[in-house]
Amino acid sequence: MLLCIVVISSMVASCGANLLQDFDLTWGDNRAKIFNKGQLLSLSLDKASGSGFQSKKEYLFARIDMQLKLVSGNSAGTVTAYYLSSQGPTHDEIDFEFLGNVSGDPYILHTNVFSQGKGNREQQFYLWFDPTRNFHTYSIIWKPQHIIFLVDNIPIRVFKNAESVGVPFPKNQPMRIYSSLWSADDWATRGGLVKTDWSKAPFVAYYRNFKATEFSSISSNSFSDEAVQSNEIDANGRRRLRWVQKYFMIYNYCKDLKRFPQGLPAEC
């Protein structure tokens, strides 16, 4: 069943048909590559270095779509990060991070939201498919009212604007798109118990079909969050969101009473 997304604001769409036009390869020497006349990008990781890229453009409220095919085989210790971020000590950030694992074990999809330099809003999921066999679409919808994370157009997480109860929300700092492939075997797989097997290097992740849809003329007071969300995610989408969170969510900071003994964060 397909999820229907209805966009209710005016928008300016920029379809990134050519990755050469939209992204700069920023580190890793020749480990990051764009080929097929700008249709495909790859990042690779070996024992000497990982690699990364960033968007040429900054965005303030947008829907960002990218198709990824993750590192296959034994990817333990590797992290493929794909995120929006501003710069500086009070930066905002919206994260997808894919934590590798040994062959046959599932990837963990780690999500987080930073506002004014503060994160600690992690939710983690298993995926309901093998993300290394084919390309899948990972999307972020960022509006003043909320941030929605989607996988293959299925919403997996909604982070609502809770400024009314004193929680900062990313809404003033334009952000670039970043992605990197790097080794974090001190924590990424089973808390660092499983290390990267460098005999399997190079590890490679692939990207294609980038699209950015910028939202214009949005006021944070234009719509109530309930009105925006009910139009943004239809009834089937809300069912799928509940399905993902019931069967595939493996960590939710809003349920972690041991971590927050003084009380859960206000937005929870």
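**Reading features in a predicted model**

Colleague: I would like to start with one side chain and learn how to read its surroundings: with which side chain does the side chain of E93 make a polar contact?

Modeller: The side chain of E93 makes a polar contact with the side chain of H91, at 2.8 Å.

Colleague: Where is E93 found, and is E93 buried or exposed?

Modeller: The general idea is that a residue counts as buried when its relative accessible area is under 20%. E93 is found in strand β8, and because its relative accessibility is 13%, E93 counts as buried. If we leave aside the neighbours within four places in sequence, E93 is in contact with Y83, L84, S85, N112, V113, F114 and M175.

Colleague: What is E97 in contact with, leaving aside its neighbours within four places in sequence?

Modeller: The contacts of E97, with those neighbours left aside, are V79, T80, A81, I108, L109, H110, W182 and W187. A C-alpha distance gives another view: E97 and Y82 are 15 residues apart in sequence, and their C-alpha atoms are 6.2 Å apart in space.

Colleague: At which residue does UniProt place the feature "glycosylation site", and where is the place of N101?

Modeller: UniProt places that feature at N101, again in an unreviewed entry. The place of N101 is in the loop between β8 (93-99) and β9 (108-114). N101 is buried in this model, because its relative accessible area is 12%, which is under the 20% limit. Apart from neighbours within four places in sequence, N101 is in contact with G73, N74, S75, A76, P106 and T189.

Colleague: What should I look for in the backbone, and what is phi of K37 near?

Modeller: Phi of K37 is near 55 degrees, a positive value in a residue other than glycine. N36 has a positive phi of about 55 degrees as well, although N36 is not a glycine. The loop between β3 (33-35) and β4 (40-45) holds N36, and K37 has its place in the loop between β3 and β4 too.

Colleague: Which residues does a cis peptide bond join?

Modeller: A cis peptide bond joins A201 and P202, where omega is about 0 degrees. P202 lies in the loop between β14 (176-183) and β15 (203-215).

Colleague: How much space lies in the largest pocket?

Modeller: About 360 Å³ of space lies in the largest pocket. This pocket is lined by 17 residues, and the closest to its centre are Q123, V158, C254, E267 and C268. The elements that give two or more residues to the lining are β13 (154-160), α3 (235-247) and β16 (249-252), and the largest share, four residues, comes from β13.

Colleague: To finish with the whole chain, how many helices and strands are there?

Modeller: The secondary structure of the protein chain comes to three helices and 16 strands. Of its 268 residues, 53% count as buried, and the accessible surface comes to about 12400 Å², of which 50% belongs to carbon and sulfur atoms. Finally, among contacts between residues at least 6 apart in sequence, 69% join residues at least 24 apart.

Notes: Residues numbered from 1 in each chain as written. Predicted model: local features only at pLDDT ≥ 70, side-chain atom pairs only at ≥ 80, totals over all residues. Heavy atoms only, no water. UniProt positions renumbered as here; feature names shortened; annotations may be inferred. Buried < 20%, exposed > 50% of the residue type's maximum accessible area, 1.4 Å probe, protein only. Contact = heavy atoms within 4.5 Å. Areas by Shrake-Rupley, 256 points an atom, 1.4 Å probe, with all protein chains shown as cover. 1 Å grid on protein atoms, 1.4 Å probe; cavity = no way out; pocket = protein on both sides within 12 Å on 5 of 7 lines; lining within 4 Å. Points joined across faces, edges and corners; volume = space filled by probe spheres on them. Polar contact = N/O pair within 3.5 Å; in protein donor to acceptor, adjacent residues only side chain to side chain.
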